[in-house]
Amino acid sequence: MRYLWSIPAAVVAWFVGGFFATYLKGLPEGTTAFVPLRVDLLVLGGFAGGVLAGLLIGRIRIAVPVVLIVAGGMWWLTGNSFAERNLLITLLVASALGGAFGAWGSRSTVVAAFALALPVAWYALRPAEQLAEWKWLWQLNGLLVGAGLALLLYLACWKRGWRSASYWLPLAGFYLVCFGVVEAIQLISRQSGKPMDAVGNASTEAFFQSFEPLLREYWPWMVVGVLLAIPMVALKLRALPPPPPPVDPYAERSNDAVLSEDLDWIDEQEPRRRLLPRRDPVT
């Protein structure tokens, strides 16, 4: 019965979680396709939607075929040509990987937090493309970066509590790396048609140059995100009911000893002894 609602919800989550930001603001070149022909949107959008779909379904053997069918069906419904095999394969692979990581993350929320780091970093940088001239851009992007980090740290401690806090440092580092990945993928999409060597060199340079301005501009917001995640986890753990007592493995067994057949005489009742009256010795 769980799949009756989780599979339709996963179909909606694949699109909403992966492509709604691009679709609502108007797709490039005035098109109305749900799956635009851009490498960054195909990779990041397909992966983000796959992660959310996998989290809802919770089974890899079901989540991966579902997201593959949804991705292929959406590609066909929007009128994209199947001759674009490279872009179609990119979308399918990204969606399948996201679905696998999402289903795996439903059992271990630390894995889910690492899987969602890339989509969260992508969404945190989206306003920068539209609000480059806005004077409050630093506050908006910084708020999104800090809120995304707090959400990831909170998700990592969802099941195991403070025991998963040891993953906060590598998770924050991976979150920073994801910003470089987003910059590299977007640069590749903008320089399509150029020689692969030039594109590879430019994307590598963009990957490593994205860390310095990010840390220099938004490090206060990342500290705020960490400080925000601490009370979020504490309140979540406080709201949980107390853990049940440990199960007694011998609860269903009686305390009677199990004796072999040759010792059955121990359980038999002793015959009642008759006491003879004391006799005086004959002198």
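The model is predicted, and local features need pLDDT of at least 70, side-chain atom pairs count only at pLDDT 80 or more, while totals for chains, interfaces and linings use all residues. Residues are numbered from 1 along each chain as its sequence is written, and side-chain values use heavy atoms, with hydrogens and water left out.

Colleague: In which helix of the protein chain is confidence lowest, and in which is it highest?
Modeller: Confidence here is pLDDT, the predictor's own score for each residue, from 0 to 100. The protein chain averages 77 on that scale, and 76% of the residues score at least 70. Where pLDDT is low, the predicted coordinates should not be read in detail. The lowest mean, 71, belongs to helix H8 (residues 196–209), and the highest, 87, to H5.

Colleague: How many helices and how many strands make up the secondary structure of the protein chain?
Modeller: Elements are taken as DSSP runs numbered from the N terminus, with helices being H or I runs of at least four residues and strands being E runs of at least two. Read from the N terminus on, the order is α-α-α-α-α-α-α-α-α. The count for the protein chain is therefore 9 helices and 0 strands.

Colleague: Is Leu118 buried or exposed?
Modeller: Leu118 is found in helix H5, and, leaving aside neighbours within four places in sequence, Leu118 is in contact (heavy atoms within 4.5 Å) with Leu44, Phe47, Cys178, Val181 and Val182. Leu118 and Phe47 are 71 residues apart in sequence, yet their C-alpha atoms are 8.6 Å apart in space. Since the relative accessibility of Leu118 is 15%, Leu118 counts as buried.

Colleague: How far from the centre of the ring of Trp158 is the charged end of Lys236?
Modeller: Lys236 is found in helix H9 and counts as buried at 14% relative accessibility. A charge sits over a ring if NZ of Lys or CZ of Arg is within 6 Å of the ring centre and within 35 degrees of the ring normal. The charged end of Lys236 sits over the ring of Trp158, and its distance from the ring centre is 4.6 Å.

Colleague: What is the angle between the planes of Trp122 and Tyr123?
Modeller: Rings of Phe, Tyr and Trp (its six-membered ring) pair if their centres lie within 6.5 Å, and planes under 30 degrees apart count as stacked, over 60 as edge-to-face and the rest as tilted. The structure holds 6 aromatic pairs, one of them being the stacked pair of Trp122 and Tyr123, at 5.2 Å centre to centre. Trp122 is buried at 0% relative accessible area, whereas Tyr123 is partly exposed at 24%. The angle between their planes is 25°.

How values were computed: Buried means under 20% relative accessible area, exposed over 50%, partly exposed in between (1.4 Å probe, protein chains only).
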